[in-house]
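Dear colleague,

I am passing on the structure below for your records. My notes on what was found in it follow directly after.

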Amino acid sequence: MSENCFHCGLPVPAGSDFPIRYKSRTEPACCAGCQAVAQTIVDAGLSDYYAHRTNGSQKVELLPDELLEQIRLFDADELQKSFVHVGENDVREAALMLEGITCAACVWLNERHLQRLPGVLSVDINYSTHRARVRWDNRQVKLSQILEAVGTIGYRAHPYDAARQEALVGKERKRALSRLWVAGLSMMQVMMYAVPTYMAKDGDIDHSSLWLLHWANLLLTLPVMLYSAVPFYRATWRDLKLRRVGMDTPVTIAIITAFAASLWALIHKVEHGIYFDSVSMFVFLLLGGRYLESIARRKAGEATESLVKLVPAFAHRVQDWPSDRNAHEAPVSQLTVGDVLLVKPGETLPADGVVLDGDSAVDEALLTGESRPLPKSAGDNVIAGSVNTVSPLYIQVTQTGQDTRLAGIVRLLDKALAEKPRLAVLADRFAGWFVLILLIVAAATYLGWHFYAPERALWITVAVLVVSCPCALSLATPAALTAATGHLAGIGVLTTRGHALETLARVSDAVFDKTGTLTHGRLTLAATRDLAKDDPLSALALACALEANSEHAIARAFTLPAGAAAPAFSGMKNFPGQGVEGVLDGVRWRLGRFSFVGELAGAVPDRLKSWQQETTLVGLGSEQGWRAAFSLADSARPDAQELVDTLAELGIQVHLLSGDSDGAVRFLADQLNIGSWRARATPEAKLAYVAALQNEGRQVLMVGDGINDAPVLARADVSVAMGGGTDVARASGDMVLVNDQLPRLSDAVALSRKTLVVIRQNLWWAAGYNLVALPLAISGHITPWMASLGMAASSLIVVTNALRLIRK
């Protein structure tokens, strides 16, 4: 039976009896806390955690009553307001920070454990930031229960706090830096004593002084072995205990073997077998490479962190608007919808709102990628996280906390970074097998050299273990994807699903919706033809009433003049891609496509068949016949032509797919030089169109913005939802064009292709390096210090190459 705790790995005190039932055996625990946590994990059917974790868990202390009482306070709606997003049917979503995460198995354990709680809908944990995005049904489970559940398996969860997270990262960075400094100082001192032994001719250094230098090297190498290299030992010990191998296994074997062999040679005075300098140099180079990699990874993934930190802690709240414009400091967490705020020049907006008074410009660069400040005046919407640049603005809060647009962007980024793309999964899987093969090759190398030149066998084997560590292979894909995702977020393109970048690079066809996508979507009423009473205002009032609750761009075109009243319809129904229906005074009315209205009102009147064919036409009718027709005008976005031309240059065929009339769709297609188009397309027709392209072996990109686009967005190989579109469309898209700037889409395609190139370069480099270095190490042409330098350089080259994708 092991003398170490099965859960945390710490020594078990003498006389302790805290058994853990694991599979068909009993394992020891060091305390009641570790016993309770481990038994909870095993009894919940999550014992695979102990078969896959790469580091030991933290020592556990049972949650004290005082902490449990504090946790239950988080169930209060007032406290949740600043970090919990409340959706329909009381479904809530929060960002939590997890403490105690040490490896990928910890992520797996927390996700599986929380997903088993009744009412928990989804759990996504980002391993690089340790931030968890949790969705739950508040009617079935409370936030305090979720936090307690995390505590029962030995971790700590609390609302995400950027300052606290930064402090934890800083602590880890200082610890890594101190290990690196110790290794570096040791290496320099050891080399100072070792170089004379290499360069001096026989007899230049007397025998006693020579061995004194060797003993000094031993003493100077001990801090490296006992402190700097400890992280490698911990990971390897856990791997061996669980009968598996990880990337640190060959590293640890190489370090311990080299040190043990040098110590044996020192004790037995074997002059040519002492390589303490190689040990200290190897550890220093490895720690240095990993430290630089961690900096590069943080830089590549800093997009989410920079967004989280945008919202200030305090705001200037106006108590008695508009009679008193004096503002007082108030915590942002206490803001409510309807509050009036004063935002001074240079300050960051703390919430979404609408401008009540003032003329200024706001900088939304970090949120949307728009480099120029946007002018804002009374009536304009502003978003949290943007910076007021010119003059004071008085705004009325419309959304706070997790309901702001900024919070929505962060949620999308969290979701994207938590998903692992196919390429990353394959690379990790291959890296795991590679370690096992490497250990077999190292063993065979030792046996072969043992019979040929036994004095060289050990050091050649050490070089083999070190030179081909698969760190670069495992970093090749995730480093590039993280850097590219951060770059896209910076220009206003959010990647919400892991496969998006990989698939976007292979797109052959791009299918666009019309209204709100290639056009502004701000339809205006150009003409009205009343067929019954010659009373356009009355017909407009009916149309406004029917479209009152619609989110479609067409609905915004119907507005009544001041003082006019609209009737109240009942039994409202929405038919995506067709129109709306309602009942007024017992009569059914419809507003929408001519064919849809015609099903209820009869055949289309002759005088409408050739009317305003180049515009979007909307009909109004009831069971009693046709009442009116409306001509809605829209214009192409000024950057639509640039996008279409650029996609054509990239070899992508552009299609236009719209539910509008033939004339309106044909007019836009001719204007933008789009050869493939289809009008009067229902959601079902759009699905069929995309499916037909896919059946031909094409990779399809779909771009849309409305509810009727949601099904086809989900069906396409990769989809982009317009940031100004409906919530349903954004939820269905693999990417979101936050700022609605169409050229950013072609930039995303170009960057995705560059990303695949970088990934291939990284994979080829990692594989090529091992194919070249491994035979050289096996043949004895690479020494251990050369191997450690090559391995560290290989990882750095991979990460540095990936960082090219960050450049704007």
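In what follows, a residue is called buried at under 20% relative accessible area, exposed at over 50%, and partly exposed in between (1.4 Å probe, protein chains only). Please note that this is a predicted model, in which local features need pLDDT of at least 70 and side-chain atom pairs count only at pLDDT 80 or more, while totals for chains, interfaces and linings use all residues. Residues are numbered from 1 along each chain as its sequence is written, and side-chain values use heavy atoms, with hydrogens and water left out.

Overall composition

The protein chain has 808 residues, of which 53% count as buried. Its secondary structure comprises 28 helices and 29 strands; these are DSSP runs numbered from the N terminus, with helices being H or I of at least four residues and strands E of at least two. The accessible surface is about 35,600 Å², and carbon and sulfur atoms account for 57% of that (Shrake-Rupley method, 1.4 Å probe; for residues, only the protein chains shown count as cover). Taking contacts (heavy atoms within 4.5 Å) between residues at least 6 apart in sequence, 68% join residues at least 24 apart.

Strand β4 (residues 91-99) pairs with β6 in the antiparallel sense over seven bridges; two strands are said to pair if DSSP finds at least two bridges between them. Within this pairing, R92 stands opposite W136 in β6. Strand β6 (residues 131-137) is mostly covered, with six of its seven residues buried.

R92 also forms a salt bridge with D90, the closest N and O atoms being 2.9 Å apart. A salt bridge here is a side-chain nitrogen of Lys or Arg within 4 Å of a carboxyl oxygen of Asp or Glu. R92 is buried at 8% relative accessibility, whereas D90 is partly exposed at 23%. D90 lies in the loop between β3 (84-86) and β4, and has a positive phi of about 60 degrees although it is not a glycine.

A further salt bridge joins D137 and R139 (3.1 Å, N to O). D137 is buried, with a relative accessible area of 6%, while R139 is exposed at 58%.

Other salt bridges

The search of the whole structure finds 15 salt bridges. One of them joins R627 and D530, with 3.2 Å between the closest N and O atoms. This pair links distant parts of the chain, R627 being in strand β24 (residues 625-633) and D530 in strand β19 (residues 524-530), 97 residues apart. Both R627 and D530 are buried.

A three-stranded sheet

Strands β13, β12 and β15 form an open antiparallel sheet in the order β13-β12-β15. Its edge strands, β13 (374-376) and β15 (387-388), each pair on one side only. Two bridges join β12 (residues 360-363) to β15, and the bridge partner of V362 in β15 is N388.

Helix α22 (residues 640-649) has A640, L643, V644 and L647 buried. Seen down the axis of α22, the buried residues fall within an arc of 95 degrees, so they line one face of the helix; the arc is that of the directions from the helix axis to the C-beta atoms. These residues pack against β18 (509-512), α19 (514-518), β25 (653-657), α23 (662-672) and α27 (743-778). Just after α22, G651 takes a positive phi of about 85 degrees.

In helix α7, L180 is buried at 13% relative accessibility. Not counting residues up to four places away in sequence, L180 touches F284, L287, G288 and Y291. M188, which is in α7 (residues 162-199), is partly exposed at 47%.

Backbone geometry

Most residues other than glycine have a negative phi, and most peptide bonds are trans. Which residues does a cis peptide bond join? They are W321 and P322, with omega about 0 degrees; P322 is in the loop between β8 (314-318) and β9 (327-331). N673, which is not a glycine, has a positive phi of about 60 degrees. N673 is in the loop between α23 and β26 (676-678) and is exposed, with a relative accessible area of 59%.

With kind regards
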